[in-house]
Structures are given as structure tokens and as C-alpha cells.
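Here is a friendly set of notes to read with the structure open beside you. Take the points one at a time and find each residue on screen as you go.

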Amino acid sequence: MHNSHSENLLVHFRRIECLRQEASAFPSIDLNQRQLCDLELLLNRAFYPLSGYMGQKDYESVLTSMRLTDGTVWPVPICLDVTQKAADTLKHGTNLALRDEEGFLLAILKVSETWQHDKPTYARAVYGTDDPEAHPGVRKHYQEMQDWFVAGSIEGLHLPLHYDFAELRTTPAETHRIFAQRGWRKVAGFQTEEHLHCAHREMVLQAAREAGANLFIQPVVGRAGPEDLDHFTLVRCYQEFIKTFPRNMIQLGLIPLEKRLAGPRQALLEAIVRRNYGCTHFMVKDDHGDPFAGNNHERFYSPGASQELIQSLEQDVDIRMIPLQNMVYVEEKAQYFPVDQVQENMQVKEISSAELKRRLEYDLDIPEWFSFPGVVQELKKAYPPRHRQGFTVFITGLSGSGKSTLAKVLYVRFMEMRTRPVTLLDGDIVRKNLSSELTFSKDHRNLNVQRIGFVASEITKNRGIAICAPIAPYNESRHTVREMISPYGGFVEIFMSTPLEICEQRDRKGIYAKARAGIIKGVTGIDDPYEAPQSPELSIDTTRLTPTEAAQEVFLFLEEQGYIR
């Protein structure tokens, strides 16, 4: 592979060996997912003409004028943020090894300078506000960005490793070559992060036809980790989506672009990146890059701001802006129309993402006017109806309130049903096997509940049933567990509201007697608080209920919610 500057910043394979040996003596940092996205786009030249991380003069020039010091249009700083401790050790001329999260060597940065930047100044320039409450991009910037920047040129050994969809992760040079081989002279880039359905197809087709261009659909796949189930579903859906277009009209690629949510500046950066991938046109929505795009929240930037900014710089950036119009389905015409062409008497039909999710969850019809059968098929694999999802039954309450007994009855009943694998995570069993080193301090109790939540979330994700029965006395840790499990399936919190005096009368383990006698400390309900759940899915008081009757209440609730049939 020849190494011309336009192709990429990766060195010749003969030089890799020599750099790798030298690098063992260099200071090094492991980049996080956000930083890896930037490094990959520097190395593969999607960020052309940058050949490394910006110095302070370029950085300040970008903030004030959206241009590098040499006059090139560039809207967003591309800088490597480090801790002050790291910055103190880096002098001009130092070689810094850049590694991925596993410590695999990706590139060498030749340090030219380090400086401390001012976060509010950065935020005001890039986002238009320095208020983290008003803008999620600013909040993310304050939380994630370190205070020091290091600048310098880079030599790349490898692009960051991806084991998923490798054939779709084409570099700018490869993409440009594909366009040239097909004789595509005009190519319109379309960037997305969401599921695409019929309305999107009509929207991009219309825009491409008006420009007389072929289509390059390039979804952003930023931080796709094992916790992000949706990433694989999304890409599969894109693959199905492009099958609905004329054959030689469309190309699909993936790009690891960090979402900065910076409105017009973000949109302009994306336009420059598309130009570097070989596009002649870029499709832009009126709320492109807005942190609140795609939901009902009021937009942060004024409508059309992104379109206007790119259009005003078309000559400088060398890419044409195509405005995208939202399309809606008009029932009596049985076709899609741009929103501004809809007349008052027309019946418009829409399905929101929340409604789509509900239809998948309850196994309801998804009409063909809304989405393509291939896409729906992929969505159904990822979002099965409730009766095929995993779920967690989380039983909390005082010792002696009937948690373990209820859990055992449920366990046996679920086992009899044989529809899903079932796991019982009872408080005492977990304490013995998973948390044997923990004490009963508040922190350790929270940690114990979190461990139970983690195991239950894995079981739920794999479509099993987890039954948990810890005391879990604190709201905070129960809330954490709910957040861990909910993305993967059902979460049913059951509060055993049996009063303390009844629990003390039962006192099977003799804990309350010992606590009252002062033999043991930190017993929930006696000298340690129990915070009753505010809004559990079910409250059960076993004072007058048999275990079978209590279990029956749980089953009725699960049937009503569609988890069991």
C-alpha cells in the first residue's frame, strides 16, 4: 500500500515494526471511545486537511472564526484532551504512544505543545451556550473532557480495531474509489443515527433525484459496545433498508463519528467529512445536529440554521447542501408527501418511535406504508413481544416479610411453565456465593444489590426470568437496578409491605430478638432504616395472605402486562 498524504496517515508496514519497538520507551495513554472516534477519522483522512491534533492558535481561530489559521474552514476543535498530570510530563518533541482501551498501540503523537483550555469559552463558541442544564452537549463536554489539550502530528500504525461489519467500514480513499469505479459523478451523502423507514426512503430519494445524484448512506456508529444491543439491529436494518432502492444507486458505509450535538457547527463538520469521503452533495435537515432533534422538546438552534451555514460556505467547503424535507403519509393518496405540500383536508398518518416500540412489544401489526418487511423482521428479532422477553421480578422488604417464600413459589411455578429459563437470586444465597466478603454497611449493602442487578440484567438480556429477593433497604440502589435492567426487558418491583411487628413475630432466623437484645447491630427495621419503595409495580402484605395467594397476585399482574400467556 503506497502512503501518499491524501490516502491516510498510516505508516508503511516496514516502519510499524520499528515504531512498535521504540514505543515501549514512550509515555502512553489509553484513549476512550470518544477519543478513538476522532483518532480514526484523523488517521483515515476523513478530517483532511488535519494531519494531527490542533495547536492552540488553530484551536482559538476555530472557536472565533470557524477557520484554521491558514484560512481553511473548520468548525469544531479536534484536540486530544489529557489530565493535568499527563500534560505536565509532555514537553515539545516528546513522543506519546496512543493506545486503545485494551492497550493496543494505534499511533504515535509527536507533541508540539500542551495548554489548559477554558471549558466555558469552548462551550460558548461551539454550542452557543455555557449552560450545562440547557444543552446536553455542553453537559457532556464538562463531564467528559479533561482540562488540558495536547497538540502534534500523528503517525498511525493501525486504525482502531472493529470486528463488526468490517466490509461496511470503508475509508474515505476506498469509498471514493468505489464511486469512481461505478462512474458516479454526483454523490449525495446522508447521515443518520436512527432507524430508517418508508418516509426516510421517500425523503432521500426525492432529494437525490432533485440533485441528480447517487446516494451514500452513512450511519454514525459511535460507541458500539456489548451493552448497545441496538447497534447490531440498526446496521442490519440499514442493510435491509438499502435493498429497497434501485441497485446501482446507493452505497452503505459506517462512520465512527463522535456526536458533539453542536447544531450548525456539527452539521458543517459532517459536510466536510462527507466531502472527504468523495461526496459532492450533503443532505441536511432543518434541525440537523440539534441536541433535541427527533423528540418533542423545543429545538435549541433556530430551524434551518444548519442548512444556512453550510449553504453560505458551499464554495469554501466544495460541497453542495441539499435541504431535506420531512415526509408524511397521506392515506387517501396512498403515498408520501413533503410536509409543506399537505393540504388541510388530507388525512395524514404517522407512527412515532414510541408507538412503534409499543406495537413490537405487544406483537401488533406494523403497516407496510410505514416500514419495509425486511426492516420489521430485524426489529422483531431485537424487540420481541413481551411474552418472549426476559424479565426480572425484584422482591424487596423486611426480613420475615415473606420475600424468600414468595420467590420460591414463583420459581417453581415458572419452572412448571417451561417457557423461559428461570434463575432464583435469593438474598442469603447471593450473600454466600456472590458477596461473601461484604459486610452490612450501607455501601456494601448497595454494592450487594448492584451485583444482584447486574446478574439479573444479564439473565433478562438473554430472555430468561430472574427472581431476586434481597432486603434492598435503600431507594437509591433499587433505582440503579431498575435502570440496569429496564433497557433489556421487564422489571417488576414487588414491595412486601408486611408490618414490622408481624415480621418480628415470625423471626425465623432470630435476628430481631438478637437486635433487640443489642447482640447485633445494623438490622434493617430496628437500628437501620428501610426506605419503602415509592411506586412499586405491586405491594403485597403477607399478614393474611398465604404464599400461594401472594404468588397468584404476581401472576395476574404479569399476565395483564403481557409477560406471560
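1. **A leucine to start from.** This is a predicted model, so please read every value below as computed from it. Begin at L98, which touches I29, L31, L39, Y53, L80, F104, L105, L106, A107, L109 and I154, leaving out residues up to four places away in sequence. L98 also stands opposite A107 in strand 5.

2. As background, nonpolar side chains in soluble globular proteins tend to be buried together.

3. **Strands 4, 5 and 6.** Strand 4 (residues 95–99) and strand 5 (residues 105–116) run antiparallel and are joined by five bridges. Their hairpin has five residues between the strands, and there G103 takes a positive phi near 90°. Strand 5 also pairs with strand 6 (residues 148–156), again in the antiparallel sense, over nine bridges. To find your place in that pairing, look for K110, whose bridge partner in strand 6 is S153.

4. Now move to the open sheet of five strands, whose order is 9-8-7-10-11 and whose pairing is parallel. Which strands stand at the edges? They are strand 9 (250–252) and strand 11 (320–323); each has a single partner strand, so one side of each has no neighbour in the sheet. From one strand to the next, the twist averages 25°.

5. **Inside that sheet, and across it.** Strand 7 (residues 187–192) and strand 8 (residues 214–219) pair in the parallel sense through six bridges. Helix 8 (residues 198–211) lies across strand 7, strand 8, strand 10 (281–284) and strand 11, and runs at about 140° to strand 10.

6. **A buried serine.** Is S306 buried or exposed? S306 has a relative accessible area of 2%, so it counts as buried. You will find S306 in helix 11 (residues 305–312). Leaving aside neighbours within four places in sequence, S306 is in contact with G263, P264, A267, V284 and H288.

7. **Helix 17.** This helix covers residues 442–461, and its 20 residues reach 28 Å from first C-alpha to last, close to the 28 Å expected at 1.5 Å a residue. Its buried residues are R445, N446, N448, V449, I452, G453, A456, S457, I459 and T460. While you look at the spacing of those numbers, recall that an α-helix has 3.6 residues a turn, so residues three or four places apart point the same way. The cover over the buried residues of helix 17 includes strand 15 (391–397), strand 16 (422–426), helix 16 (427–433), strand 17 (465–469), helix 18 (475–485) and strand 18 (490–496). Just after helix 17, R463 takes a positive phi of about 65°.

8. **Backbone details worth checking.** The peptide bond from Y48 to P49 is cis, with omega near 10°, and P49 lies in the loop between helix 2 (33–43) and strand 2 (52–53). F165 is not a glycine, yet its phi is positive, near 50°. F165 sits in the loop between strand 6 and helix 7 (172–182), and it is buried, with a relative accessible area of 11%. D318 is not a glycine either, and has a positive phi of about 65°. D318 lies in the loop between helix 12 (314–317) and strand 11 and is exposed, at 58% relative accessible area.

9. **Cysteines.** How many disulfides are there? The count is zero, taking a disulfide as two cysteine sulfur atoms within 2.5 Å. C79 is buried, with a relative accessible area of 9%, whereas C18 counts as partly exposed, at 29% relative accessibility.

Terms used:
Residues are numbered from 1 along each chain as its sequence is written. This is a predicted model: local features need pLDDT of at least 70, side-chain atom pairs count only at pLDDT 80 or more; totals for chains, interfaces and linings use all residues. Side-chain values use heavy atoms; hydrogens and water are left out. Helices (H or I, at least four residues) and strands (E, at least two) are DSSP runs, numbered from the N terminus. The expected span of a helix is 1.5 Å times one less than its number of residues. Buried means under 20% relative accessible area, exposed over 50%, partly exposed in between (1.4 Å probe, protein chains only). Contact means heavy atoms within 4.5 Å. Two strands pair if DSSP finds at least two bridges between them. Axes are lines fitted to C-alpha atoms, for helices over the stretch in contact, and angles run from 0 to 180 degrees between N-to-C directions.
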